[in-house]
Amino acid sequence: MNSSQDFVLADVPLQSRFLLGTAGYPSPQVLHDAIVASGAQVVTLGLRRQLAGGGGDNGFVDIVKASGARLLPNTAGCRSAREAVTLAHMARELLGTHWIKLEVVGDEHTLQPDPWELTEAAGQLVKDGFEVFPYCTDDLVSAQRLVDVGCRILMPWGAPIGSGQGLLNPWALRTLRSRLPHVTLIVDAGIGVPSHAAQAMELGFDAVLLNSAVAHAADPVGMASAFRFAIEAGRRGHLAGLLAAQDMAVASTPVAGRPFEL
Amino acid sequence: MSTTVRATVCIDGATRALHDGCTLAELLSELGHEPQAIAVAVNGEFVPRALRLTHLLHDGDQVVCFKAIVGG
């Protein structure tokens, strides 16, 4: 049984619940091999203003486009709804997709999303025909507002971008899952090690998006494979039904009292 | 009377002298850009590819080109 067979993302059936970022890899070949090893069918890209004397990108973007994975461009660097909406329209034209990973940062230190600007941008982009993947916090009410303006997918952070701290607030994530059962939930950002991704899947999240933990590993290809299995394991564990934690010990071996006492 | 206007092109930060009635498509062609390889904003507003041919540039316009890059 492949536990990913039931995954439909924005009306697209996918076999993989692993969305992979493409930044920071040591070479285009390693990026290519990591995408293959991850099994990811959705990969992220960014847009950048053309710089004076800026050279090429050594073929990274071409590798990504040739991977066959669906492209999910982001609005990284935006600080207002207006900027994000404009950049999203550019991404749609440039990359030929109406999918957009919506990022609107409100704090420079934590790169925490700005919930007000994010919601305003999301509402406009939904009206403009985009499938919006908002990168948001784990705050339930602001998440609900994003749903209210038409988002079918939410991508709450596990921890600040690139921090590798894992799921800082599992309770909040669990609450999101419980309160938004029909929304596709993807943990995005903060994942550091494969067990973090497994934990997200065990919580019932639909998928995981990560970049740095793979790109900055000593062996990115090996790490991509490790995350692939961790995400699959977490999903299977969720489906199989997890043992509820409790405070007291419960003996598992069905002995009858102590072995030498009658 | 001069028939040139000036538009600031943010690709290289230089001010380029443009002939009167210069369109965005002409400017991008002069700069050697593949039309499909960039997305363009003028004064912060996105200009769709289909409108570049008819989008006239004016003195002081800020033209910014974007390209795809890797990202998370």
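Reply: The predictor assigns the complex an ipTM of 0.87 and a pTM of 0.91.

Me: What is the average pLDDT of chain B, and in which strands is confidence lowest and highest?

Reply: Where pLDDT is low, the predicted coordinates should not be read in detail. The average for chain B is a pLDDT of 84, and 81% of its residues score at least 70. The lowest confidence in the chain falls in strand β1(B) (residues 4–9), with a mean of 56, and the highest in β4(B), with 96.

Me: How are the strands β3(B) and β5(B) paired, and what is the partner of β3(B) in its hairpin?

Reply: Strand β3(B) (residues 39–42) pairs with β5(B) in the antiparallel sense, over 4 bridges; within that pairing, V40(B) has C65(B) as its bridge partner. Strand β3(B) also pairs with β4(B) (residues 45–47), again antiparallel, over 3 bridges, and there V42(B) is bridged to E45(B). The hairpin formed by β3(B) and β4(B) has 2 residues between the strands.

Me: How many residues of each chain are in contact across the interface?

Reply: The size of an interface is often given as the accessible area lost when the parts come together. Here the description is by residue contacts: 25 residues of chain A are in contact with 20 residues of chain B. On the chain A side, β4 (42–49), α2 (60–66) and α3 (81–95) each contribute at least two residues. That side of chain A consists of 11 nonpolar, 10 polar and 4 charged residues.

Me: Which strand of chain B is joined by bridges to β4(A), and in which sense do the two run?

Reply: The strand is β5(B) (residues 61–70), which runs antiparallel to β4(A) and is joined to it by 5 bridges.

Me: Which residues of the largest nonpolar core touch the most other members?

Reply: In soluble globular proteins, nonpolar side chains tend to be buried together. The largest nonpolar core in this model has 100 residues, and those touching the most other members are L19(A), L102(A), I186(A), A197(A), V208(A) and F227(A). Helix α3(A) supplies the largest share of this core, 9 residues. Beyond its neighbours within four places in sequence, I186(A) has contacts that include L19(A), I153(A), M155(A), F205(A) and V208(A).

Me: Why is strand β9(A) described as largely enclosed by the rest of the structure?

Reply: Strand β9(A) (residues 184–188) is so described because 4 of its 5 residues are buried. It pairs with strand β8(A) (residues 153–156) in the parallel sense over 2 bridges, and L154(A) has L185(A) as its bridge partner.

Me: How does the span of helix α4(A) agree with the value that 1.5 Å a residue should give?

Reply: The 13 residues of α4(A) (residues 115–127) should span 18 Å at 1.5 Å a residue, and the end C-alpha atoms are 18 Å apart, so the two agree. Its buried residues are E117(A), L118(A), T119(A), A121(A), A122(A) and L125(A). They pack against α3, β6 (99–102), β7 (131–136) and α5 (140–148) of chain A. After the helix comes G129(A), with a positive phi near 95°.

Me: Where do A189(A) and N43(B) lie, and is each buried or exposed?

Reply: Most residues other than glycine have a negative phi, and most peptide bonds are trans. A189(A), which is not a glycine, has a positive phi near 90°. A189(A) lies in the loop between β9 and α7 (194–202) of chain A, and is buried, with 26 other C-beta atoms within 10 Å. N43(B), also not a glycine, has a positive phi of about 55°. N43(B) is in the loop between β3 and β4 of chain B, and counts as exposed, with 11 C-beta neighbours inside 10 Å.

Technical notes. Residues are numbered from 1 along each chain as its sequence is written. Chains are lettered from A and ligands numbered from 1 in the order in which they are written. This is a predicted model: local features need pLDDT of at least 70, side-chain atom pairs count only at pLDDT 80 or more; totals for chains, interfaces and linings use all residues. Two residues are in contact if their C-beta atoms, placed from the backbone, lie within 7 Å. Ala, Val, Leu, Ile, Met, Phe, Trp, Tyr, Cys and Pro count as nonpolar, Asp, Glu, Lys and Arg as charged, and the others, Gly among them, as polar. Two strands pair if DSSP finds at least two bridges between them. A nonpolar core is a set of buried Ala, Val, Leu, Ile, Met, Phe, Trp, Tyr and Cys residues joined through C-beta atoms within 7 Å. A residue is buried if 20 or more other C-beta atoms lie within 10 Å of its own, exposed if 12 or fewer, and partly exposed in between; C-beta atoms are placed from the backbone. The expected span of a helix is 1.5 Å times one less than its number of residues. pLDDT is the predictor's confidence in each residue, from 0 to 100.
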